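Thanks, everyone, for making the time this morning.

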Amino acid sequence: MKFGLCFAFGFACLTLWQHSSNADGFDSYRSRADKHAPASIMGDHLHDPGEWMVEYKYMNMHMEDNRAGTRTLSDAGSFTYGDSSTPVTNQGATPTQMTHEMHMLHIMRGVTEDITVYTMLMLPSITMDHQRRGDGSAFTTHNSGFGDTTFGALLRLYSDVNDDLILNLAGSVPTGDIFRTTRIPSRGVTDQALPYPMRLGSGTFNAKPGITWKHYLESGSWGVQFQSDVPIGRNYRDYSVSDEFRLNTWYSHLLTDNFSTSIRLENLWRTNYDGADAATPDAMISTNVESFRGGYSLNLGLGAAALVKGHLLNVEFVPTLYQDLDGIQLETDWTMAASWSKSF
């Protein structure tokens with residue numbers, strides 16, 4: 001049903017808009033440093049027929065301390081909250097900090113004036129620190145490898161000299177490993193499955209439709225994007241990850257044609273997981289609890305982009321302004337993204 005709605009959304013948009021263009025205006029506005037959205041945003045621009053773009057992007061998310069709803073908890077408070085939560089959790093340990101790094105290779109090619117196709121290969125690296133209940137000792141677990149692979153097509157719904165309206169029809173395939181074990185939490189005694197936030201993929205095919213509007217000015221550009229990530233069914237471990245919805249608004253200001261700064265506001269909604277992996281007992285640790293995966297976040301992006309001899313360098317720092325999380329979860333302090341891209 002979700003998949004059908006995604007494509008119905010795309011079909012409706014295609015029937016409402018027509019394409020118009022002015023080559024001179026396109027060249028002048030779309031060859032500046034603000035031709036791409038801020039570094040954390042994807043799926044916002046098209047390429048000419050036969051043109052390729054290669055991009056390397058690095059992203060880093062830092063999470064420290066636990067949060068219940070809108071309240072930050074101490075490590076000791078995380079154990080106390082776990083005793084009274086539903087379900088009871090953190091009887092074995094509590095997470096205290098996590099770093100999630102992502103290396104991404106993004107390849108795009110213009111097929112026609114109005115259609116660009118792309119793929120993204122991902123290599124995540126995840127490190128999580130914990131504190132054991134009882135003796136208070138610390139331990140760290142790590143996981144890395146290939147993540148899920150995204151394929152998509154960007155369709156021009158409408159363009160004029162100042163505006164682009166682009167539909168993103170994309171999906172991911174489950175190339176990321178979702179079940180690895182470790183003996184570190186048990187001090188080498190027994191194997192335990194890594195918890196949900198440390199897994200490398202969703203384990204499902206995901207629909208990722210979105211839509212972007214950009215408006216170009218002499219001094220810069222505005223943009224609005226809605227992007228979603230919706231798993232289709234459950235994976236072989238009998239669960240599905242969160243439905244994810246992002247609404248971004250940004251302004252990029254030109255200092256020169258080759259250098260711009262940006263400010264962005266992001267609304268992020270996630271649902272809780274559906275189903276459960278039998279190898280993730282809720283009582284052991286909160287990162288195993290399927291009903292503790294959803295919530296809302298408001299994020300601020302501050303970025304800059306430089307166009308140097310055809311190479312686009314793009315960077316953004318994103319502190320979290322507000323979070324309201326379901327159950328008890330690690331709170332996100334900040335994320336950052338940096339990229340290099342070249343079209344040819």
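I will go through some strand pairing and then a surface patch.

This is a predicted model, in which local features need pLDDT of at least 70 and side-chain atom pairs count only at pLDDT 80 or more, while totals for chains, interfaces and linings use all residues. Residues are numbered from 1 along each chain as its sequence is written, and side-chain values use heavy atoms, with hydrogens and water left out.

Let me start with β17, residues 295-308, which pairs with β15, residues 259-270, in the antiparallel sense over twelve bridges; strands here are DSSP runs of E with at least two residues, numbered from the N terminus, and two of them pair if DSSP finds at least two bridges between them. Across that pairing, Phe-259 stands opposite Ala-306 of β17. Strand β17 is also joined by twelve bridges to β18, residues 311-343, and these two run antiparallel, with Ala-306 standing opposite Leu-313 in β18. The hairpin of β17 and β18 has two residues between the strands, and Lys-309 takes a positive phi near 50° there.

Turning to the surface, Trp-213, Trp-222, Val-224, Phe-226, Leu-247 and Trp-269 form a nonpolar patch with about 510 Å² of accessible area together. A patch takes residues with over 30% relative accessible area and no salt bridge, and nonpolar side chains (Val, Leu, Ile, Met, Phe, Trp, Tyr) are joined within 5 Å; the areas come from the Shrake-Rupley method with a 1.4 Å probe, and for residues only the protein chains shown count as cover. A salt bridge is a side-chain nitrogen of Lys or Arg within 4 Å of a carboxyl oxygen of Asp or Glu. Strand β12, residues 220-231, gives the most to this patch, with three residues, whereas Leu-247 has its place in β14, residues 244-256.

Note on methods:
Helices (H or I, at least four residues) and strands (E, at least two) are DSSP runs, numbered from the N terminus. Patches are made of residues with over 30% relative accessible area and no salt bridge: like charges are joined within 9 Å, nonpolar side chains (Val, Leu, Ile, Met, Phe, Trp, Tyr) within 5 Å.
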